[in-house]
Amino acid sequence: MNKLYELNNVEQHYDGKKVLGIENLALEENQIIGFFGPNGSGKSTLFSLLSFIDKPTVGDLTFNGINTKKIDTKMRQDVIMVPQNPYLLKRSVFENIAYGLKLRKDTCNLKEKIDEALSIVGLDLSFAKRKWSQLSGGEAQRVALAARLILRPKVLILDEPTTGVDTNSAQLIKEAILIAKQKWNTTIFISSHDHKWLNQICDKRVALFQGNLIESGNVNLLFAPWKKDENKNLVKYFLDGQSLTIKNSASKKRDSVVMIDSSAISICRENYEDMVNDESLEGVVSSIGKQHSFDDLYIEFTIGGVNFNSRICKEVMQKQRFLPGDKIYVNIDTTNVRWWTL
């Protein structure tokens, strides 16, 4: 695949304070890439750079091989962002969706294009006549998405697209994103705290923490607070009283972030005692799905309120038949974890 964006030694400063620092990141075209991390991790700041709203304070950011400081208006129009709380004009749904095309003086077959956009986001064509004030939160979010999709962007950036929307709208937004990728080869960047939703749709994930790139791919992140045991190893205590000791971590700081690959986590149902050992933890399955770019199944579970994910092959699934709500035993290989130290 071709590299659509490249970031090299990029920093963003606000009021003299560094809020984002990325040494190197390549984002390939025609992918759905998810960005996740706690509030304040730098997702929105990164999106402001990728959408050309801001220019990096330091470093080089290229789009299609061209430094973003030199791109023209035409290239800027290839990238469209839907903010977390999209603003709708105080007009009809028709006028909201048509607005971008009218600005570009592209009004040929306007009604047909609006009908298509409404259909893609799962709204009845009669919605075109509704006023902006007659929409629910989920409907307003989908109208905002339709107003961007009608432009057929090369890159679509979605900042928390499912926040505050109902389950049905979240599903329809997901379907619209997949249609855009399939029909127009749109590259899509999404930030979300909904890890289950994000993992079901993305080809790749990128983790950020306190403005820094931590890891890409299938990774579980364990954040502070940590305690130290008698050997000074870091110990994570969960709300249900269980704990996880990170081996060989005596030299690590208490504010470190631990990264555990999904492949380092194995799970089994409670009737598979031969797979349980003294270090096994107990968890509860929260969701099961097929991850977008893998044949393996994706299982999300919780341990004491903390979310984890693991990938298992279909053969294991057929043998153990996990279901949401199942109590499971979890084995985590902590010998080869990776670290991010603040």
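Predicted model: local features only at pLDDT ≥ 70, side-chain atom pairs only at ≥ 80, totals over all residues.
Trainee: Leaving aside neighbours within four places in sequence, which residues does T162 contact?
Mentor: Contact means heavy atoms within 4.5 Å. With sequence neighbours within four places set aside, the partners of T162 are A170, S192, D194 and W197.

Trainee: And T45, buried or exposed?
Mentor: T45 is found in helix α1, residues 43-50. Leaving aside neighbours within four places in sequence, T45 is in contact with Q12, Y14, V19 and L20. Its relative accessibility is 14%, so call T45 buried.

Trainee: How far apart in space are I71 and L151?
Mentor: I71 belongs to the loop between β5 (66-67) and α2 (73-76), and is buried at a relative accessible area of 9%. Beyond its neighbours within four places in sequence, I71 is in contact with F52, I66 and R76. I71 and L151 are 80 residues apart in sequence, and their C-alpha to C-alpha distance is 19 Å.

Trainee: At what angle do α3 and α5 pack?
Mentor: Two packed helices are described by the angle between their axes and the distance between the axes. Axes are lines fitted to C-alpha atoms, for helices over the stretch in contact, and angles run from 0 to 180 degrees between N-to-C directions. For α3 (93-103) and α5 (137-149) the axes are 7 Å apart, and the angle is about 35°.

Trainee: Which hand does that crossing have?
Mentor: A crossing is left-handed if the near helix is turned anticlockwise from the far one by less than a right angle, and right-handed if clockwise. V93, N96 and I97 in α3 meet V143, A146 and A147 in α5. The crossing of α3 and α5 is right-handed.

Trainee: Which residues touch the most other members of the largest nonpolar core?
Mentor: A nonpolar core is a set of buried Ala, Val, Leu, Ile, Met, Phe, Trp, Tyr and Cys residues joined through side-chain atoms within 4.5 Å. The largest holds 49 residues, and the ones touching the most other members are I97, L149, I177 and I190.

Trainee: What phi does N64 have?
Mentor: Most residues other than glycine have a negative phi. N64, in the loop between β4 (58-63) and β5, is partly exposed at 37% relative accessibility. N64 isn't a glycine, yet its phi is positive, about 55°.

Trainee: And R152, what's its phi?
Mentor: R152 lies in the loop between α5 and β7, and at 47% relative accessibility counts as partly exposed. R152 isn't a glycine either, and its positive phi is about 50°.

Terms used: Residues numbered from 1 in each chain as written. Heavy atoms only, no water. Helix = DSSP H or I, 4+ residues; strand = E, 2+ residues; numbered from the N terminus. Buried < 20%, exposed > 50% of the residue type's maximum accessible area, 1.4 Å probe, protein only.
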